[in-house]
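Please look over the sequence and the model displayed here before reading on.

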Amino acid sequence: MEQAVNIQDIPIRELIRSAQEARKRAYVPYSGYAVGAAVLTRELRIYTGCNIENASYTPTICAERCAISKAVSEGNRKFKAIAVMGGPQGEDGGQFAFPCGVCRQVMREFSDPKEFLVITAKSEEEYRVYRLEQLLPESFGPENLMKEG
């Protein structure tokens, strides 16, 4: 049985700093809205991602899914928390940027929604913390597809 995530065990400022750095690498020539994300694995490893836009829009990749995909591609599939920071490109400060519905569902795939923390930040000092189940109530997950017996 996995141990419950305790907010005191999450390096919140380090996650926010990592998301802030990732945000600087965002490719956003169309919206100008840069987002960075930093996901924390159960093994306390941090993976970062940024949003990557595309002229065709549909293939655009959100920062959160970029970070999670990097982690999964390297064999890490259990997460504790993610920090997200977004705002107009070129501005130092951020806005409270929340993950889109698709990103929330991807987070759900690899975490327990009762425990996984979503940190949305304007800065290292100004942030909000939510459990995924608050942002994705009544969610559908892998256990809904598991066959009994």
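This is a predicted model: local features need pLDDT of at least 70, side-chain atom pairs count only at pLDDT 80 or more; totals for chains, interfaces and linings use all residues.

Residues are numbered from 1 along each chain as its sequence is written, and side-chain values use heavy atoms, with hydrogens and water left out.

**Overall dimensions**

- The radius of gyration, taken over C-alpha atoms, is 15 Å for the protein chain, which agrees with the value near 15 Å that a compact globule of 149 residues would have under the rule of 2.2 Å times the number of residues to the power 0.38.
- Along its principal axes, the C-alpha trace of the protein chain spans about 55 × 35 × 30 Å.
- Of the 149 residues, 44% count as buried, where buried means under 20% relative accessible area, exposed over 50% and partly exposed in between (1.4 Å probe, protein chains only).
- Among contacts (heavy atoms within 4.5 Å) with a separation of 6 or more, 64% come from residues 24 or more positions apart.

**Sheet and packed helices**

- The 5 strands form an open sheet with mixed pairing in the order β2-β1-β3-β4-β5, two strands being paired if DSSP finds at least two bridges between them.
- At the edges lie β2 (46–50) and β5 (127–131), each of which pairs on one side only, and the twist averages 20° from one strand to the next.
- Strand β4 (residues 117–121) pairs with β3 in the parallel sense over 4 bridges, and V118 in β4 is the bridge partner of I82.
- Helix α1 lies across β1, β2, β3, β4 and β5 and runs at about 140° to β1, whereas α2 touches β1, β2 and β3, its direction making about 140° with that of β2; axes are lines fitted to C-alpha atoms, for helices over the stretch in contact, and angles run from 0 to 180 degrees between N-to-C directions.

**Nonpolar cores**

- The largest nonpolar core has 21 residues, of which V39, F79, I82, M107, F116 and V118 touch the most other members; such a core is a set of buried Ala, Val, Leu, Ile, Met, Phe, Trp, Tyr and Cys residues joined through side-chain atoms within 4.5 Å.
- Two or more residues of this core come from each of β1 (33–41), α2 (63–73), β3 (79–88), α3 (101–109) and α4 (132–135), with α2 giving the largest share, 5 residues.
- A second, separate core of 13 residues includes I12, L15, M85 and A121.
- Beyond its neighbours within four places in sequence, F116 is in contact with residues including F79, I82, M107, Y130 and L132.
- I16, found in helix α1 (residues 12–23), is buried with a relative accessible area of 0%, and its contacts outside four places in sequence are A83, I119, A121, S123, E124 and Y127.

**Cysteines**

- The count of disulfides is 0, a disulfide being a pair of cysteine sulfur atoms within 2.5 Å.
- For C66, the nearest cysteine sulfur is that of C50, 5.3 Å away, and C66 counts as buried at 16% relative accessibility.
- For C100, the nearest cysteine sulfur is that of C103, 3.7 Å away, and C100 is partly exposed with a relative accessible area of 31%.
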